[in-house]
Amino acid sequence: MYTLNPNDLTSRDNYKLMSGSVVPRPIAFVTTISEDGSVVNAAPFSFFNVVSSDPPLLSISINRKDGVMKDTARNAITGQELVVHICDESIVNDMNETAALLEPHESELERTSLTTVPSSVVAVPGIQELIRMECRLYQHIPVSNDEGKPVTDLLLVRIVQYHFNEKVYDPAHHYILMDHLKPVSRLAGNDYAKLGERFTVVRPV
């Protein structure tokens, strides 16, 4: 057993150990719009999860680069709106293309074959795929390191509209059909995973 103190490790080493241990992680594929409304930004984030169902909240943690806020965080904080998509097998390559580091005036979607669609509640366009959730910013929590330098923007976002493709939604039971969704999860480095084998364990009462 190796016992390591995170205070003795670099930020990069901590990232590698955390991202390699906390797996698999869901991927939030997020669209936002620039302050002047001219550019639709798209980017994937795997520090992402559910926070609450009442109200319906998601969390997205966006690391800064050299202390500079990323386009997604800046746009979401400024415009207060975003659209969160669940990444599935059919869009994983296009999703990966949007991880490229571009200038704020460049849209990552131009590197893909993805199609944008108007949202019904927020101003930010979505992407025409299996699941998307229109959201508004609920809370922005800047996270600072031990030196007091902001290094991460934690966004709590509230879902204000769901969009489910007919293939993945059972309206009679309000279920998501996993066999048709085929979600993709993030591992470490360049690795991803499919859903794989499922099994059931009944909770005790």
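1. Contact here means heavy atoms within 4.5 Å. Keep that in mind for E89: leaving out residues up to four places away in sequence, E89 touches K182, V184 and K194.

2. A quick word on the ground rules: this is a predicted model, where local features need pLDDT of at least 70, side-chain atom pairs count only at pLDDT 80 or more, and totals for chains, interfaces and linings use all residues. Residues are numbered from 1 along each chain as its sequence is written, and side-chain values use heavy atoms, with hydrogens and water left out.

3. Back to E89, which sits in the loop between β6 and α3 (92-97); helices (H or I, at least four residues) and strands (E, at least two) are DSSP runs, numbered from the N terminus.

4. Now the largest nonpolar core, which has 23 residues. Such a core is a set of buried Ala, Val, Leu, Ile, Met, Phe, Trp, Tyr and Cys residues joined through side-chain atoms within 4.5 Å. L58, I60, L82, V84, M133, C135 and V157 touch the most other members. β9 gives the most to this core, with four residues.

5. Have a look at M133 too: setting aside neighbours within four places in sequence, M133 is in contact with residues including L58, L82, V84 and I159. Another core, of 12 residues, lies apart from the largest one and has F29, V40, A42 and I127 among its members.

Note on methods:
Buried < 20%, exposed > 50% of the residue type's maximum accessible area, 1.4 Å probe, protein only.
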